[in-house]
Amino acid sequence: MLNVGMSSCAFALTEENFKKLGKTGIKNIEISLAYDKYPELDYKQTKKLADEYGINLWSFHLPFSSPWTCDIASHEEGVRKKAVDIWCDCIRRGADIGINKFVAHPSSEPKPEDEQRATFINYAKENLDYLAEFAAKQGAIIAVEDLPRTCLGRTADEIADLVSANDKLRVCFDTNHLLIDDNLGFVEKLGNKIVTIHASDYFFVDECHWLPGEGEIDWHALYNKLIDCGYNGVWMYELGFKSPRTLTRSRDLDFGDFYNNAMEIMSGKPLTVVPGEKHPELL
């Protein structure tokens, strides 16, 4: 069985939450914040709390929400440079507290779907090459995440092309982002490059970030495929406690729900979910 983790996109990095994580068996986190919260992150205090409660800082999601400052494939050179500068600062400070995996979005959106797309992919590859070398000097790696819709990295082939920019680059597999390719085929093609995942469910029309079992992914097949392809990283959830607008649950989720969900997936048991109502029309 894999160790279980959660993205901090779901919770604040407070002492209370670190204590709850440890009590429920979730021993790993990915630091992931709203774009404007990264400058407020106290790296040393976060490391102190993690150590105190036995939590491993497994990975760090580099800022991505603002296309004007964090798009390494922007058509504007100044925007690309600023994004790289911001990311390098995060990598330097994160590596200083022991984090060695940094998740990177290869672009914001929209991105063209015509012959110009290759130009944007080349921008991304140029910067990913630089970032891979920079991270390596800090004892870390860049994990390029697959993305939905018009974003770069929306297929296995595009991710393979992006990470070909540098042999140090690796992949973060987001299970609810693929809208053209299927998850099993993605893992089959890129399994030897996948070093971390973002687990959440959807129904193949757009990303939903639902708890596994609430959407259409065959989780037992996907888990087995990952294991068969050699994945031995953390089973990292990336979704919130509260219901998103596309799903109404009878109650909010808690840390225990995530741990129990992981145990069901890994042991091949039926998945239990909180009763609720789906609203796919709100995508």
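Me: Which backbone oxygen lies 2.6 Å from a polar atom of the Ser267 side chain?
Reply: The backbone oxygen of Met263 does. A polar contact is a pair of N or O atoms within 3.5 Å; within protein, one must be able to donate a hydrogen and the other to accept it, and residues adjacent in sequence count only if both atoms are side-chain atoms.

Me: What should I know about the model itself?
Reply: This is a predicted model: local features need pLDDT of at least 70, side-chain atom pairs count only at pLDDT 80 or more, and totals for chains, interfaces and linings use all residues. Residues are numbered from 1 along each chain as its sequence is written, and side-chain values use heavy atoms, with hydrogens and water left out.

Me: Changing topic, where does Tyr38 sit, and why does Tyr38 count as it does for accessibility?
Reply: Tyr38 is in the loop between β2 (28–31) and α2 (43–52). Tyr38 counts as buried because its relative accessibility is 6%.

Me: Which residues does Tyr38 touch?
Reply: Not counting residues up to four places away in sequence, Tyr38 touches Ile31, Ser32, Leu33, Phe60, His61, Leu62, Pro63 and Cys90; contact means heavy atoms within 4.5 Å. The side chain of Tyr38 reaches the backbone oxygen of His61 at 2.5 Å, and a polar atom of that side chain lies 3.2 Å from the backbone nitrogen of Leu33.

Me: What stands opposite Ile31 in β3?
Reply: Phe60 does. β2 and β3 (residues 56–61) run parallel and are joined by four bridges; two strands pair if DSSP finds at least two bridges between them.

Me: And the sheet, what is its strand order?
Reply: The order is β7-β6-β5-β4-β3-β2-β1-β8, in an open sheet of eight strands with parallel pairing. β7 (194–198) and β8 (235–237) are the edge strands, each pairing on one side only. From one strand to the next, the twist averages 30 degrees. Axes are lines fitted to C-alpha atoms, for helices over the stretch in contact, and angles run from 0 to 180 degrees between N-to-C directions.

Me: Which strands does α5 lie across?
Reply: Helix α5 (residues 156–163) lies across β5 (141–145) and β6 (170–174), at about 155 degrees to β5. β5, α5 and β6 form a right-handed β-α-β unit: with the strands pointing away from the viewer, the path from the first strand over the helix to the second runs clockwise.

Me: Why is β6 largely enclosed by the rest of the structure?
Reply: β6 is largely enclosed because four of its five residues are buried. β6 pairs with β5 over three bridges, Cys172 being the bridge partner of Glu145, and with β7 over four bridges.

Me: Last one: how far apart are the end C-alpha atoms of α4?
Reply: They are 31 Å apart, which agrees with the 30 Å that the 21 residues of α4 (residues 117–137) should span at 1.5 Å a residue. The expected span is 1.5 Å times one less than the number of residues.

Key
Helix = DSSP H or I, 4+ residues; strand = E, 2+ residues; numbered from the N terminus. Buried < 20%, exposed > 50% of the residue type's maximum accessible area, 1.4 Å probe, protein only.
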